Amino acid sequence: MSLPSSSHAYGIGLIAVIIGAAVGISYYQLYFIPEYNAKPHLDPKIINPGQTTNIAIVSGSSIEGNPQYFVPAKQPIQLGVSNLVVWQNNDNAAHFVTIDPKSDYKDRYSGDLDSPPIMPGKTFNFLFTQEGTVKYYCKVHAWMKGEVDIERGATTS
Ligand SMILES: [Cu+2]
């Protein structure tokens, strides 16, 4: 007498568990994973800073012993103010801007600092969105080294 009804309840319970699991998996795939992988929410001032910071790749940089390569070689920038950096290649050879592999800086918004070849007369932009010290170099001219020091800007919360 009680067996059929308990078996029926068991069946309903099992269906509820299956539906619950399906809902849970769907939530995980549709909402949790995309949210987890999404770019961080940033202060709009960091995404669109008021100023750009210009770094020149000077003429003769492909020759080791040139007086300068990246100018300024050491560049402070402020988040929300000047964190968009533009490298301008003023040399007659192609150059790269690549983060030093020993650096522990990893920009969650912009990804890796690893430019394509920057041709003569061309520029390369990178938006730094976190505090830190970034040492970089040119991967075809290892003597070309530079540094960007990203500091908290006055306007950043
Ligand atoms: Cu180079």
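Domain bounds here come from an automatic or database domain assignment. For this protein, that assignment gives domain 1 (1-38) and domain 2 (44-151), and the centres of domain 1 and domain 2, taken over C-alpha atoms, are separated by 51 Å. The structure is a predicted model, in which local features need pLDDT of at least 70 and side-chain atom pairs count only at pLDDT 80 or more, while totals for chains, interfaces and linings use all residues. Residues are numbered from 1 along each chain as its sequence is written.

The overall outline comes next. The secondary structure comes to 2 helices and 8 strands, where helices (H or I, at least four residues) and strands (E, at least two) are DSSP runs numbered from the N terminus. Read from the N terminus on, the order of elements is α-α-β-β-β-β-β-β-β-β. The protein has a radius of gyration of 26 Å, well over the 15 Å that the globule rule gives for 157 residues, so it is more spread out than a compact globule. This radius is taken over C-alpha atoms, and the globule rule is 2.2 Å times the number of residues to the power 0.38. Along the principal axes, the C-alpha atoms fill a box of roughly 95 × 35 × 25 Å.

The strands can now be followed sheet by sheet. Two strands are said to pair if DSSP finds at least two bridges between them. Strand 1 runs antiparallel to strand 2, to which 2 bridges join it; here Ala 56 stands opposite Val 71. Strand 1 also pairs with strand 4, this time in the parallel sense over 6 bridges, and Ile 55 has Trp 87 of strand 4 as its bridge partner. Strand 4 and strand 6 are antiparallel and joined by 5 bridges, with Val 85 opposite Phe 126.

Val 71 has a further feature: a cis peptide bond joins it to Pro 72, with omega about 0°. Pro 72 is found in the loop between strand 2 and strand 3.

Another open sheet, also of mixed pairing, places 4 strands in the order 3-8-7-5. Strand 3 (74-78) and strand 5 (98-99) are its edge strands, each pairing on one side only. Strand 5 runs antiparallel to strand 7 (residues 132-138), and 2 bridges join them; Thr 98 has Tyr 137 in strand 7 as its bridge partner.

What about the interior? A residue is buried if 20 or more other C-beta atoms lie within 10 Å of its own, exposed if 12 or fewer, and partly exposed in between, with C-beta atoms placed from the backbone. By this count, 24% of the 157 residues are buried. A nonpolar core is a set of buried Ala, Val, Leu, Ile, Met, Phe, Trp, Tyr and Cys residues joined through C-beta atoms within 7 Å. The largest such core has 25 residues, and Val 85, Trp 87 and Val 97 are those with the most contacts inside it. Strand 1 (52-57), strand 4 (84-89), strand 6 (123-127), strand 7 and strand 8 (141-151) each supply at least two of its residues, and strand 7 gives the most, with 4 residues.

Contacts, meaning residue pairs whose C-beta atoms, placed from the backbone, lie within 7 Å, complete the picture. Leaving aside neighbours within four places in sequence, Trp 87 is in contact with Ile 55, Ile 57, Val 97, Ile 118, Thr 123 and Phe 124.

Notes: Contact = placed C-beta atoms within 7 Å.
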